[in-house]
Amino acid sequence: MGTELNIYTGQVKYRDVDFGFVFDGDVLRLIPPFDKKEEIYMELFMTPMDNGIYTMGEPPKMELPYLIGKCSENGGTLIFITQQESNIGSYNAVLMVEIQAYVFCRDNISSIDRISFTSPEINCIHPTNQAYQYTFNEGDFSKKGIFSLTTKDFESTSTERQYFKVEDKDVKVYFAISRSISNKIGKAPVSLNSIMMFEFEPTDDFLFILKLWKIAKQFLQFLCYRKNVFLPETELFTTSADGKHEKFATLYILNESDCSELDPLKRGCYIKQAYISGFEGKILTDIAANLLYLRHLPDTYEAGRHIDAARFVMITAAFEWEFRRAYPDGVPKRVETIQIERQASESIQALIDSTPGKLKKKYQFLIKHIKTDSLQNEIIRIGKDYDGVIGNFGKNLYKLNGEELKYSEMGQRLANQRNHFAHGDLDQDFIGLSLLDLIYMEYIIYAMQLRKYGVEDKQIRKAINDLFHLNYAL
């Protein structure tokens with residue numbers, strides 16, 4: 001559907017009017033009936049003044065989450081998921097509506113209870129080579145070219161279903177491998193593809209479906225440490241009368257390229273499903289709740305190998321976010337330190353209570369920082385708690401550069417350089433070793449995130465070793 005045709009036409013109802021539509025894969029154009037053109041234009045775009053005078057008003061907004069149309073070319077149903085609250089344009093009374101995705105239903109609209117995702121990344125994260133085995137006799141193979149290929153059953157190549165929450169709804173996630181065979185010339189006789197499945201209670205809420213798509217994409221971005229992961233086409237399923245899942249629709253996302261970055265996949269730069277097995281649901285729950293920090297992910301694998309001021313600040317922000325999640329009470333402190341902080345807080349609070357005006361605001365500012373942990377102290381704490389997990393990666397990184405890993409010095413350098421960038425201190429020399437510190441911090445962030453979900457230290461090391469292509473002998 002996505003590549004067969006360039007333009008779709010048909011009928012769609014909007015504001016109780018039957019419009020014709022033309023969709024070119026970018027903008028949806030709604031063509032009003034000839035006898036209603038002027039009425040619709042006046043209603044949407046003109047504001048009445050006194051004495052029957054009209055003036056051009058503010059552009060109307062698209063108020064509906066989606067529009068449902070009937071496609072003339074193939075008789076299917078098209079659901080256009082709109083960009084709500086975007087301006088509706090007009091040209092010669094034709095309405096132009098921005099959309100972000102569309103769904104093509106081969107038959108009538110049904111309730112959706114399963115989404116199937118495929119991509120080159122999924123093929124690697126849950127590798128297809130586990131789905132088959134082949135046998136051959138050396139003589140038969142070398143002389144006659146005879147060998148046998150046998151696929152394994154679905155159950156043995158599917159992962160255990162894990163649950164996660166989206167808008168208080170339970171969603172199941174699992175990985176599996178699909179099989180297809182063909183006798184057509186030019187097509188592979190046997191085709192295997194890994195798939196990631198989301199299953200849930202039947203729904204006809206297409207905004208919920210789109211949200212699940214976004215969560216799936218972020219999950220794959222997290223496992224690949226880059227944003228250029230693409231899911232342009234996604235299959236939607238319903239339950240048929242015999243209780244089996246039946247594919248009936250495809251979700252297409254606008255402006256979603258299908259050009260994945262293959263080089264890091266060939267090099268194995270991703271986290272395999274096997275490393276996080278049993279914890280997929282916890283990760284997805286945090287992604288759905290916007291709790292897992294992903295803003296620092298580089299746009300591409302190549303971009304991740306370069307550091308500029310923006311990436312420097314974002315990576316340190318990711319560390320501090322994840323530190324607060326791992327240590328909600330801050331850096332553990334000695335009893336004496338806690339007592340001193342309490343006394344200082346009480347003294348400043350007394351000044352706040354007895355001081356008016358601007359000086360009072362200064363005291364209020366100071367009291368907020370008494371218990372705030374410095375970036376240096378946070379990194380020192382991480383050194384104590386995580387060195388046994390990934391410390392060897394850090395030590396090897398610094399050794400290769402003729403340096404020694406010291407967490408206190410690492411924290412001081414990162415804090416100073418981050419402040420130079422954040423405050424625009426262009427007159428300050430760049431702290432060269434802070435680049436090494438930042439690279440190691442990228443490993444630390446993943447270690448903190450994965451351990452929070454319960455992933456074993458051994459699997460954390462494997463994940464980081466693969467993801468960053470460290471080639472470390474574990």
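Mentor: Happy to! Let's take strand 7 and begin with its side chains: T77, I79 and I81 point one way from the strand, L78, F80 and T82 point the other way, and all of them are buried. Keep in mind as you look that this is a predicted model. Buried here means under 20% relative accessible area. Strand 7 covers residues 77-82, and because six of its six residues are buried, the strand is largely enclosed by the rest of the structure.

Now for the partners of this strand. One is strand 6, residues 66-71, which pairs with strand 7 in the antiparallel sense over five bridges. Within that pairing, look for Y66, which stands opposite I81 of strand 7. Strands 6 and 7 also form a hairpin, with five residues between them. In the turn you will find G75, whose phi is positive, at about 80°.

Another partner is strand 9, which runs through residues 94-105. Strand 9 and strand 7 are again antiparallel, and six bridges join them.

F136 has 41% relative accessibility, so it counts as partly exposed. F136 also belongs to a nonpolar patch on the surface, together with Y134, F141, F147, L149, I181 and V190. Together, the residues of this patch have about 730 Å² of accessible area.

Methods. Residues are numbered from 1 along each chain as its sequence is written. This is a predicted model: local features need pLDDT of at least 70, side-chain atom pairs count only at pLDDT 80 or more; totals for chains, interfaces and linings use all residues. Side-chain values use heavy atoms; hydrogens and water are left out. Buried means under 20% relative accessible area, exposed over 50%, partly exposed in between (1.4 Å probe, protein chains only). Helices (H or I, at least four residues) and strands (E, at least two) are DSSP runs, numbered from the N terminus. Two strands pair if DSSP finds at least two bridges between them. Patches are made of residues with over 30% relative accessible area and no salt bridge: like charges are joined within 9 Å, nonpolar side chains (Val, Leu, Ile, Met, Phe, Trp, Tyr) within 5 Å. Accessible areas come from the Shrake-Rupley method with a 1.4 Å probe; for residues, only the protein chains shown count as cover. A salt bridge is a side-chain nitrogen of Lys or Arg within 4 Å of a carboxyl oxygen of Asp or Glu.
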